[in-house]
Amino acid sequence: MCRDDYESVLDNMKLADGTVWPLPICLGVDEEFAKSLDTGECVAMRDAEGFMLAVLTVGEVWQPDLEREAKVIWGDAVEADSVNASLSSLENPWYVGGRIEGLAFPQRYDFTDIRLTPAQVHRYFSQKGWRKVIGVQAGRPLHRADRAMLEEIANEEGASILLSPLMFPSMYSSVDHFTLVRCMQEFVGTFPRNKALLNLMPWFERKMGPKGALLRAIVNKNYGCTHMLVWDSGKAEPRLNVLTDEFQAHIDWLVEQKDVTGIVPIKERCMVLDEGRKEYVSSESGKLCANDHNGIVSLLTRGKEVPEWMSFPGVLDALKKTYKPPSKQGFCLFLTGLSGAGKSTMAKVLYVKMLELNDRPVTLLDGDIVRTNLSSELDFSKEHRNLNVTRIGFVASEIVKNGGIAVCAPIAPYPESRRQVREAIEQHGGFVEIHVSTPLEVCEQRDRKGIYAKARAGVIKGLTGVDDPYIDPENPELRIDTSDLTPSEAVQQVELLLGTLGYI
Ligand code: PPS
């Protein structure tokens, strides 16, 4: 957008020529780049890999008031975060507007058979004689209650359904793209043929309230839909069937706009299970509702059976490949503590014990192994220690992601890198931090490598515990002081914990 369209959209939700358009679509750039551009110049627009998608002929370069923009989009309650998440960002505070000539669609290699363009979808509807179609965009897998809701709505309207998983769901929900699409493929298969079409829509959910919904309505129209499902994303307690006042106002407003958008909004309904009739009915009563994806995920990851009434076998099979019970998940045993505390010995015994289980691949990432292979150029400065530990974390998270067991035993003296490792790994499986808390005096007495003697003699500088700090973990899953324990006794404590947590 050039400036006149941009201002007009912010002021009146219309382009300068009067076409209804709720949100600005702008290209933010940094000051240096902005100042290098002349009107009429052509700029190549490339994706992250450098593939050229379009050419922009520069019409105008200007500096927008991003705070005002954020206020118009999100309202007065706008927070600094929203300004940052605005259409541009504070790092790119200049806008470039102009004519765009598209050369190619962004390249995608996954699910290519369900990436029809708006024109192809439109044509599909005409060929099939679908005169009324409800656009349903969903950011989470759908289940039996959702199916009942969609069927009820579609029957009332005499309409078919265009079902689109959101393309970038991870910003707002935990489910990954591949799992979501596979679940949707199963879900759409539960409808009679000719009732529902699954298609990926390159729609990025901006969570921009009513204006975002209006833009989504325009997009749905372009795909040939006549109706659109509107979810109540503002529900404080998603499992309670209390639609917020704000949501009702949002719907009313979309209804007012329906002559301009050509889309009839339909609001989400809460479905409850009628135990007697064994079917779902919509409810206005504020009861606990059954549209509960998180509940299903929680059952799966705890290794519990999901009752048949909650979802479909195909959808559950797709989910089970991602959400495994602890006994099938990958996990990381992260032993941290001073040199000589007993980490490496315990790690070696644990490695053997895990191999003995023989149900998951096991990798040992001992401090020495890592320092020789992965981090050979690093020293023992704070920066390098943190880098060493996050590298271990990266390798461990790849192992855990693929269902393996990683046994790590670095000193890892600093909380910041330990936290980073935990965060990286917990996205994919279990993280069990074991603080091997054997006191310095005992470690020094053991001094198998003679490293403490060297430090005391001043031959080695910056030894952890002597003249470099070790910050104790605050909430490790386990703390073990090996002063009076044999390796077997120490490892037994870990095994007991792993049993309690369900990993073995
Ligand atoms: S860290 O802090 O997590 O990056 O350390 P780590 O990779 O586990 O490496 C620790 C081993 O390196 C030897 N070493 C030292 N440790 C601590 N401080 C200094 N200055 C140092 N210099 C060499 C030491 O033998 C550690 O081995 P372990 O097996 O822990 O005894």
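The legends below describe an overall view and several close-ups of one predicted chain.

The model is predicted: local features need pLDDT of at least 70, side-chain atom pairs count only at pLDDT 80 or more, and totals for chains, interfaces and linings use all residues. Residues are numbered from 1 along each chain as its sequence is written, and side-chain values use heavy atoms, with hydrogens and water left out.

View 1. Helices (H or I, at least four residues) and strands (E, at least two) are DSSP runs, numbered from the N terminus. Along the principal axes, the C-alpha atoms fill a box of roughly 85 × 70 × 40 Å. Of the 504 residues, 46% are buried; buried means under 20% relative accessible area, exposed over 50%, and partly exposed in between (1.4 Å probe, protein chains only). Among contacts with a separation of 6 or more, 71% join residues 24 or more positions apart, where contact means heavy atoms within 4.5 Å.

**View 2. Five strands form an open sheet with parallel pairing, in the order E7-E6-E5-E8-E9.** Two strands pair if DSSP finds at least two bridges between them. The edges are strand E7 (196–198) and strand E9 (264–267); each has a single partner strand, so one side of each is left without a neighbour in the sheet. Direction ignored, neighbouring strands are turned by 25° against each other on average. Axes are lines fitted to C-alpha atoms, for helices over the stretch in contact, and angles run from 0 to 180 degrees between N-to-C directions.

**View 3. Strand E5 (residues 133–138) pairs with strand E8 (residues 227–230) in the parallel sense, over two bridges.** Glycine 135 is opposite methionine 228 in E8. Helix H6 (residues 144–157) packs on the sheet and touches E5, strand E6 (160–165), E8 and E9; the direction of H6 makes about 150° with that of E8. Helix H8 (residues 209–222) lies across E5 and E8, at about 145° to E8.

**View 4. Helix H11 (residues 293–301) and helix H12 (residues 313–322) cross at roughly 60°.** Their axes come within 10 Å. H11 is therefore oblique to H12; angles under 35 degrees count as roughly parallel, over 145 as roughly antiparallel, 65 to 115 as roughly perpendicular, and the rest as oblique. His293, Ile296 and Leu300 of H11 make the contact with Leu316, Leu319 and Lys320 of H12.

View 5. Strand E12 (residues 331–336) and strand E14 (residues 405–409) pair in the parallel sense over four bridges, with cysteine 332 opposite alanine 406 in E14.

View 6. A disulfide is a pair of cysteine sulfur atoms within 2.5 Å. For cysteine 2, the closest cysteine sulfur is that of cysteine 26, at 9.1 Å, too far for a bond. Cysteine 2 is buried, with a relative accessible area of 19%. Cysteine 225 is also buried, with a relative accessible area of 0%.
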